[in-house]
Amino acid sequence: MYISDAIKYVGVDDKTIDLFESQYVVENGMAYNSYLILDEKVALMDTVDRRGLEEWSKNVERELGGRSVDYIVVDHMEPDHAGSLSYALERYPEAVVVGNAKTFTYFEQFFADDISGRKLEVKEGDTLSLGSHQLTFYMAPMVHWPEVMVSYESTEKTLFSADAFGKFGTLDTDEDWACEARRYYFNIVGKYGASVQTLLKKAETLEIEKILPLHGPILTENLGYYLDLYQTWSAYRPENKGVFIACASIHGNTLEAAEKLAEKIRALGEEKVVVSDLSREDIAECVEDAFRYDRMILCSATYDGGAFVPMEDFLHHLQIKTYRERTVGILENGTWAPAAARSIRGYLDSMKDIRVLDETVTIRSRLHEEDEEALDRLAEAIVRA
Ligand SMILES: Cc1cc2nc3c(=O)[nH]c(=O)nc-3n(C[C@H](O)[C@H](O)[C@H](O)COP(=O)(O)O)c2cc1C
Ligand SMILES: [Fe+2]
Ligand SMILES: [Fe+2]
């Protein structure tokens, strides 16, 4: 992949990984991006997950064409990027590691390599000249991890953005950017919206023509589109108007009620209504949809005095990802002592600025004719909200 005469892509596509971060289903694999800047001095911009070491090291050698590495810039110490650092240090013994104070603290935790005398510690706004290229470092704490920083190269107006603007999927996957970038964002970075906002403010002061993230495609056109989405997501603003119905059903009766509710909401003129079966759908996708739409309805069977496990699980995910500022309705089902709604409310009450509709529906075992009125009231309330 061509970036420029001086900036070379040396990352790898991982098509064999089962779960990214041992958690996220990645049907189209994962890309670990890494770059070289070739100037009077050579800078290696992050490495890759150990899983990609062999191919990556060949890419680096090929692009170096016999030269060596002067600087290894570590924008992020997480093993999916720093996993091949040890190898790089040994292979390029002259190379100096560039990071901030926290980078080096974590480096010592992860690695036994002695890099005393090979460290260049940088702070906010520090620069590093490579010749005609110059890097400026901006701290981006909690845009995934505390040590994260981004590097801006001013000659080519290129931002090395670390995990920001990343997505799931290998680089050779032909798929919509936003879909997998949104799922990546809300599940991986979403808890730290305020930190992303701080980074975006710094980015506003820079002239940026290219964004080179550590995952996913490099972004060279229409940058406003990506920056706008990041603004929306990090401010926790809904991206789309719509109702997301998340359902946890043991035997299918609650799911039937959820589908019926969706029909009623659509009949009231709501254009976007999405129903997800929490037992079967990718939970990360459901977390994404919860943030994506402005309203949500939670439908759950009662299970051992609480909500059915996939619902409890989903709410736990939303809680740790700091789901907030949305309107939520509840439908519960139970055979002898319905208690799902109470448990759901407990989670929602712990979240910031969640408006829970008063029109909670309780059904017993299955939807009955006499429940229709309550269902209508909930449908009308969510459409009005
Ligand atoms: C393991 C288990 C535990 C349950 N615990 C409760 C309960 O505490 N209170 C209750 O009212 N119903 C309880 N139920 C019953 C279901 O909530 C009820 O049958 C519901 O209608 C199932 O809806 P579904 O068809 O969507 O799964 C339990 C069911 C199972 C299988
Ligand atoms: Fe990360
Ligand atoms: Fe990453």
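## Basis of the description

Helices and strands are DSSP runs, numbered from the N terminus, with helices having at least four residues and strands at least two. The model described here is predicted.

## Two residues with positive phi

S22 lies in the loop that runs between β3 (19–20) and β4 (24–25). Its phi is near 55 degrees, a positive value in a residue other than glycine. Most residues other than glycine have a negative phi. S22 is exposed, because 7 other C-beta atoms lie within 10 Å and a residue with 12 or fewer counts as exposed.

D353 is placed in the loop between α11 and β21 (355–356). Here too phi is positive in a residue other than glycine, with a value near 50 degrees. D353 has 9 other C-beta atoms within 10 Å, so D353 is exposed.

## Domains and their contact

The protein is divided into domain 1, residues 7–234, and domain 2, residues 240–384. Between the C-alpha centres of domain 1 and domain 2 the distance is 38 Å. Eight residues from domain 1 and 10 residues from domain 2 take part in the contact.

On the side of domain 1 that touches domain 2, β4 and α5 (177–189) each supply at least two residues. The most come from α5, which gives four residues. By class, this side of domain 1 has three nonpolar, two polar and three charged residues.

## Packing of α10 and α11

Two packed helices are described by the angle between their axes and the distance between the axes. For helix α10 (residues 309–320) and helix α11 (residues 340–349), the angle is about 10 degrees and the axes are 10 Å apart. The two helices are therefore roughly parallel, since angles under 35 degrees count as such.

From α10, the residues making the contact are M311, E312, L315 and Q319. Those from α11 are A340, S343, I344 and Y347. Divided by class, the residues of this contact are five nonpolar, two polar and one charged.

## Surroundings of ligand 1

Ligand 1 is surrounded by 19 residues, of which the closest are I250, H251, N253, T254 and G334. By class, the shell has seven nonpolar, 11 polar and one charged residues.

Three elements each supply at least two residues of the shell: α8 (253–267), β18 (293–303) and β20 (327–334). Which of them gives the most to the shell around ligand 1? That element is β18, with three residues.

How values were computed. Residues numbered from 1 in each chain as written. Chains lettered and ligands numbered in written order. Predicted model: local features only at pLDDT ≥ 70, side-chain atom pairs only at ≥ 80, totals over all residues. Near = placed C-beta within 6 Å. Nonpolar A, V, L, I, M, F, W, Y, C, P; charged D, E, K, R; others polar. Axes fitted to C-alpha atoms, helices over the stretch in contact; angles between N-to-C directions. Parallel < 35°, antiparallel > 145°, perpendicular 65-115°, else oblique. Contact = placed C-beta atoms within 7 Å. Buried ≥ 20, exposed ≤ 12 C-beta atoms within 10 Å, placed from the backbone. Domains from an automatic or database assignment.
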